[in-house]
Amino acid sequence: MQTEIKVYEGEDLQELINQAKQELGDNVRILYYEEFTEKSWWNPFSKKKKYKLFVEKEDVKPVEPIVKFDEILEKVENIIEEKLKNVSLQPTSSAATNPSPAVSENIYEELKEFTGEALDLIQLLLEKGVELDVAKEIVQPACGLDLESGKMDLNEATFKEALKKGIEQKIKFVGDFDVSKSENSKFKVITFVGPTGVGKTTNLFKIASDFLLNKNLKIAVISTDTFKVGAIQQARFYANILKIPFFTVGDSKKLRKTLLELADIDVVLIDTVGRSHYDSWKLGEVKEILRGGFDWMEAVLTISCNYNPEEALSVVNNYKAYFPVKSLFFTKIDETSRPGILLNLPIKTGLPVSYISTGQRVPEDIEILTPENMAQFILGEK
Ligand SMILES: Nc1nc2c(ncn2[C@@H]2O[C@H](COP(=O)(O)OP(=O)(O)OP(=O)(O)O)[C@@H](O)[C@H]2O)c(=O)[nH]1
Ligand SMILES: [Mg+2]
């Protein structure tokens, strides 16, 4: 709104107000007034009390705002949306506009050997949380030379076929767990390790039930998680349903003793307490307990698909330093739309992959990882 300020001067304040209202109308607003004494120039003893009235006239007609906030906001939102769509293929000089470490500043330069659908697939992989070097490595095997551009483009008919081809060549799949016994052991021992709450216990029992019901194997479960309240009850609950022997141990001596006493068993599954991958002291404790079965044991690293790429890599590297990790067991694929670590981790660490957990239901929500379903999970087709 526009305003106009006027000053009236006189001896009677009420009269000044009336005059202001008369001239400026009812929308006049009194800002303030001041009283002062005026001396007569011809008689220094004569003093007159006077008033100065400051009023403001408000223009009732609303003035169109020069800037419409809603419009500006909408424009900014559109710009951001556009930028986010294209950011993975646009060079940028500012780290602040870089949405993920996968997108490097000289991305154009990095992708200059690709064209057409190969570029589209790489962009899609970046959006799914796959790191740039991994995306290139996976897409390359499915490419041939495009004679027109002199660059690499996809040979395969679909993104899924292209991905599958790259995955087949670059990632090792162990299939379901190998349960054959090693020479010096009475049975196979598979231990589930991983950070807190990733799904070790639940998925151990999915495997136990598959071994028992589909493969006719004799199973025992040992829990070393005597730390977490309710952990033993949770595990015992599942073991009771499956009617399989279940033991709890709190130290390496007891673990060794329990393993030595087990007879007529094909596979022992060991559940461990979840520990932060940054807590080397606690990881050391878990390792110390497992020492009781170390020479027979192989470890499965359970990791949730909703970890971000950097954390996921730290999890694997830190756990690998403590335990003989034989394969990566992914969980909670149903809880993410950016499952890039499915590709990042096996490629960056060289570890094979085994299973993927797709939900909370025991025993249904689990699949053996294959190049086919891995491609589907990445593309969001599953
Ligand atoms: N959505 C979803 N939830 C899952 C999946 N796997 C496990 N969970 C859930 O994750 C929660 C934690 O599972 P647990 O098996 O107790 O995890 P944990 O790794 O043994 O946990 P700690 O022993 O505390 O380290 C439970 O509510 C499970 O039902 C999955 O694939 N998808
Ligand atoms: Mg557990």
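The structure is a predicted model, in which local features need pLDDT of at least 70 and side-chain atom pairs count only at pLDDT 80 or more, while totals for chains, interfaces and linings use all residues. Residues are numbered from 1 along each chain as its sequence is written, and chains are lettered from A and ligands numbered from 1 in the order in which they are written. Helices (H or I, at least four residues) and strands (E, at least two) are DSSP runs numbered from the N terminus.

**Helix α6 with helix α13**

- The axes of α6 (residues 159-170) and α13 (residues 371-379) come within 8 Å and cross at roughly 125°; axes are lines fitted to C-alpha atoms, for helices over the stretch in contact, and angles run from 0 to 180 degrees between N-to-C directions.
- This angle makes α6 oblique to α13, given that angles under 35 degrees count as roughly parallel, over 145 as roughly antiparallel, 65 to 115 as roughly perpendicular and the rest as oblique.
- On the α6 side, Phe-159, Lys-160, Leu-163, Lys-164, Ile-167 and Glu-168 meet Pro-371, Glu-372, Met-374, Ala-375, Gln-376, Ile-378 and Leu-379 of α13; contact requires C-beta atoms, placed from the backbone, within 7 Å.
- The residues of this contact divide into 8 nonpolar, 1 polar and 4 charged; Ala, Val, Leu, Ile, Met, Phe, Trp, Tyr, Cys and Pro count as nonpolar, Asp, Glu, Lys and Arg as charged, and the others, Gly among them, as polar.

**Further helix pairs**

- Helix α4 (residues 116-127) and helix α5 (residues 132-139) have axes that come within 9 Å and cross at roughly 140°, and the two helices are therefore oblique to each other.
- The crossing of α4 and α5 is right-handed, and its contact joins Ala-118, Leu-121, Ile-122, Leu-125 and Leu-126 of α4 to Leu-132, Ala-135, Lys-136, Ile-138 and Val-139 of α5.
- By class, the contact of α4 with α5 has 9 nonpolar residues, no polar and 1 charged.
- For helix α11 (residues 309-322) and helix α12 (residues 341-349), the axes come within 10 Å and cross at roughly 40°, and α11 and α12 are therefore oblique to each other.
- α11 passes α12 in a right-handed crossing, with Pro-309, Ala-312, Leu-313, Val-316 and Lys-320 of α11 in contact with Ile-341, Asn-344, Leu-345, Lys-348 and Thr-349 of α12.
- The contact of α11 with α12 comprises 6 nonpolar, 2 polar and 2 charged residues.

**Sheet and hairpin**

- An open sheet of 8 strands runs in the order β8-β7-β9-β6-β10-β11-β12-β13, with mixed pairing; two strands pair if DSSP finds at least two bridges between them.
- β8 and β13 stand at the edges with a single partner strand each, so one side of each is left without a neighbour in the sheet.
- From one strand to the next, the twist averages 25°.
- β12 and β13 pair in the antiparallel sense over 3 bridges, and Ser-357 stands opposite Ile-366 in β13.
- Strand β4 (residues 143-146) pairs with strand β5 (residues 151-154) in the antiparallel sense over 4 bridges, and Leu-145 stands opposite Met-152 in β5.
- β4 and β5 form a hairpin with 4 residues between them, and Gly-150 in the turn has a positive phi of about 70°.

**Ligand 1**

- Ligand 1 is surrounded by 23 residues, the closest being Gly-199, Thr-201, Thr-202, Gly-274 and Ser-357; a residue is near a molecule or strand if its C-beta atom, placed from the backbone, lies within 6 Å of it.
- Helix α7 (residues 200-213) gives the most to this shell, with 4 residues.
- The shell around ligand 1 divides into 3 nonpolar, 13 polar and 7 charged residues.

**Backbone exceptions**

- Most residues other than glycine have a negative phi, and most peptide bonds are trans.
- Lys-243 has a positive phi of about 55° although it is not a glycine; Lys-243 is found in the loop between α8 (231-242) and β8 (246-248).
- The peptide bond from Val-362 to Pro-363 is cis, with omega near 10°, and Pro-363 is found in the loop between β12 (353-357) and β13 (366-368).

How values were computed
A crossing is left-handed if the near helix is turned anticlockwise from the far one by less than a right angle, and right-handed if clockwise. Two residues are in contact if their C-beta atoms, placed from the backbone, lie within 7 Å.
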